[in-house]
Amino acid sequence: MDFAIKFVFDIVAFTSVMVLIVLGLGVIASMMGIFNFAHGELVLLGAYTVYLSDAYGLGTWPGVIAAPFVVGLIGLALERTVIRRFYKAPIIAMLGTYAVGLIIREIVRGLLGGHYKSIPEPISGAFAIGGLEFSWWRSFIIVTTLLVIAGSWLLLARSLIGLRVRGALENPMLARACGISTGRLYALTFAFGAALAGLAGALIVPLYQLSADIGIRFLVQAFLSVMLGGVGTFGGPVLGASAVGGMAAGLPWVVLPVLADPLVFIIALVVVRMRPQGFIGAGRL
Amino acid sequence: MRDTNLGRRGFLGGASALTAAGWVGTIAGGLVLRPTWAHAAGPIKMGIATDITGAIAPSGNANWQVAQFVVEEINKAGGILGQPIELYLEDTASDPKVAVGNVRKLIQDRKVDVVLGGITSAMRQAIKDPIVNRGRTLYIYPQLYEGQECTKYLFNTGPSPAQQCDRLIPYLIKTLGKKKFAMPSANYVWPQLLNKYARKVIEANGGEVVFEEYYPLDQAEYSATIRKITAGKVDCVFNTVIPPGLQPFVKQLYESGFQKNGGVLSCVYYDENLLNYHPAQEMEGLVSCLDYFQAVDDPFSKTLQEGYAKKFPGTKYLFTAGSAATGMYRGVKFYEAAVKATGGKLGREEVAAAMDKAVLPNGPGGGAEMVPGRYHAKMNMYIAVCKNDGGKTRYEVIDKTSMVDPREC
């Protein structure tokens with residue numbers, strides 16, 4: 001029993017990490033129709049912010065708090081200078097964002113000298129319930145993920161801003177005719193997605209090492225999650241990420257670990273084949 | 001939203017951004033370090049082919065710095081029998097495809113007398129043929145590795161599996177009393193072959209391997225592995241998972257209370273570079289086995305470290321064993337000894353024949369000697385345990401075995 005509880009806790013913790021990473025990607029893909037290949041590097045920048053704050057002796061907390069704002073601003077700048085040129089050409093947008101990501105990644109690799117850096121958890125150690133120990137930081141990530149999901153959903157599905165964003169996505173011409181500045185909304189949405197990526201990076205970096213590739217290793221699985229859950233909805237990517245994260249963590253228990261990764265993809269692709277619209281059909285936000 | 005018409009020109013713009021990103025940090029065309037004086041017979045040309053950029057760059061740069069350091073020492077002392085060494089660097093860029101072309105440059109354009117370098121086994125496999133067979137040049141490979149490399153004219157100056165396991169595993173079993181081993185590993189050639197050897201030594205010493213598993217190199221989640229370690233009552237983890245998959249594994253292992261319940265984590269590539277890879281509490285008690293640690297009490301090694309620190313003050317690329325830097329030192333010195341023995345002749349046959357019997361009285365961690373006909377060197381091996389002094393980690397050397405046989409070829 002103890003065994004099962006710990007295992008489930010670990011799986012839930014990893015699933016939360018996946019959901020956090022996918023959330024920003026899903027928001028940008030669903031609301032703007034842009035598959036942001038620089039998402040992994042926005043996660044990296046969030047992680048790097050924490051590293052900088054720790055390296056300059058401020059501790060990790062200021063970095064964790066600052067990361068979403070710093071990366072959100074970087075996202076805003078990126079949208080204004082680069083991304084907005086790509087809305088008409090989604091395929092070119094993929095290449096463009098990939099290039100942006102590559103530049104960010106290689107710059108950070110240069111700054112780190114190619115090394116890996118260990119970042120301490122802001123809350124270290126574990127707490128015990130009934131003789132079982134649970135890591136504080138992993139618990140913190142689980143709770144934060146739930147709060148972020150709730151907050152993002154309220155903002156996008158229940159607020160006036162969210163309504164306008166969805167309107168701008170649905171019919172940009174009509175939205176503009178109604179006096180909505182779609183350009184500004186797109187910029188805000190992209191910045192919001194980037195901020196979520198920054199937060200994800202800041203929260204997960206104590207669990208992994210900071211390296212230039214911290215974001216890229218999750219990127220393919222994150223795209224798979226968005227496909228699996230369904231583009232164009234808010235709940236879809238969250239569900240997709242939960243499914244992919246849960247499978248990635250749990251499958252190595254039953255099959256050879258080297259087979260687990262491909263198996264996740266096969267299962268997901270079969271599901272996507274059977275339900276091309278994803279778990280949740282488009283347009284029901 | 002401003003309408004932007006992205007046509008061919010925009011696309012080309014994006015493509016050049018991609019190229020520009022790939023360009024960051026590449027050294028195009030190689031690098032030459034000439035000695036400050038000349039000799040009638042001309043300089044000895046030494047080629048270094050190592051990973052200056054890419055994923056293996058931290059080790060590659062350490063290798064390059066050590067090569068510069070030891071060559072400068074040799075040249076300062078008058079070169080090899082009066083002939084200075086000229087150093088040629090080519091970047092292998094952590095990518096065997098790029099490496100082959102660059103290594104060819106060393107051989108065909110620079111016409112070097114010897115090539116040292118390569119860190120991963122994939123790299124060695126890729127560049128050994130252009131160097132040894134098609135290039136007819138001597139090749140020295142400096143990194144600890146999985147063994148079984150018995151190519152003529154290819155000399156290995158890092159430790160073999162036997163050197164890393166023969167003393168360490170009996171220590172884990174007999175001295176620390178650990179019996180049940182788990183072998184979590186990254187899925188590539190070094191862990192596979194090292195584990196094969198280690199398993200034999202474990203079983204010969206009365207230990208038991210509970211499981212041996214291979215993961216994708218960048219796996220981020222190890223819950224299932226940790227549960228297998230707990231369920232199998234494993235008391236020694238013989239780890240060959242490497243970065244970037246390494247850090248989440250070590251953290252999850254620590255969180256599961258493995259070390260607190262008396263488990264021992266052992267890993268044979270952990271050197272001083274790795275001390276900062278994990279929080280101190282996760283590193284505490286880790287057992288490693290290498291040909292050199294900075295904590296080794298040896299006056300010659302200490303002088304080497306001081307000289308290196310003076311040449312590269314505050315460098316992030318340390319002179320350590322795990323990153324092939326000690327093997328690079330030995331490689332250059334073995335070559336020096338061999339050329340001295342041939343009386344300054346640089347022909348491949350003569351130098352290889354002399355190299356086969358070369359002996360180094362001193363080096364990082366002590367001297368070394370080539371085992372004739374076996375392309376590998378005997379060297380001292382050290383077992384070290386990681387200590388945690390209030391959040392600062394360091395190694396404490398607890399065992400030294402002199403002149404361990406590589407048992408290869």
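Reader: Where is B:Ala324 found?

Author: B:Ala324 sits in the loop between helix 11 (299–311) and helix 12 (325–341) of chain B. Helices (H or I, at least four residues) and strands (E, at least two) are DSSP runs, numbered from the N terminus. This is a predicted model: local features need pLDDT of at least 70, side-chain atom pairs count only at pLDDT 80 or more, and totals for chains, interfaces and linings use all residues. Residues are numbered from 1 along each chain as its sequence is written, while chains are lettered from A and ligands numbered from 1 in the order in which they are written.

Reader: What is phi of B:Ala324?

Author: Phi is near 75 degrees, a positive value in a residue other than glycine. Most residues other than glycine have a negative phi.

Reader: Is B:Ala324 buried or exposed?

Author: B:Ala324 is buried, with 30 other C-beta atoms within 10 Å. Buried means 20 or more other C-beta atoms within 10 Å of its own, exposed means 12 or fewer, and partly exposed is in between; C-beta atoms are placed from the backbone.

Reader: And what about phi of B:Met403?

Author: Phi of B:Met403 is near 45 degrees, also positive in a residue other than glycine. B:Met403 lies in strand 15 (residues 392–404) of chain B. B:Met403 is partly exposed, with 14 other C-beta atoms within 10 Å.

Reader: New topic. Which residues does the cis peptide bond join?

Author: B:Pro243 and B:Pro244, with omega about 5 degrees. B:Pro244 lies in the loop between strand 9 (236–238) and helix 9 of chain B. Most peptide bonds are trans.

Reader: What is the strand order in the open sheet of chain B?

Author: The order is 1-3-2-4-5-6, six strands with mixed pairing. Two strands pair if DSSP finds at least two bridges between them. The edge strands are strand 1 (31–33) and strand 6 (154–156) of chain B, each pairing on one side only.

Reader: How do strand 4 and strand 5 of chain B pair?

Author: Strand 4 (residues 114–117) and strand 5 (residues 138–141) of chain B pair in the parallel sense over three bridges. B:Leu116 has B:Ile140 as its bridge partner in strand 5 of chain B.

Reader: Last one. How many residues of chain B are in contact with chain A?

Author: 41 residues of chain B are in contact with 47 residues of chain A. Contact means that the C-beta atoms, placed from the backbone, lie within 7 Å.

Note on methods
Contact = placed C-beta atoms within 7 Å.
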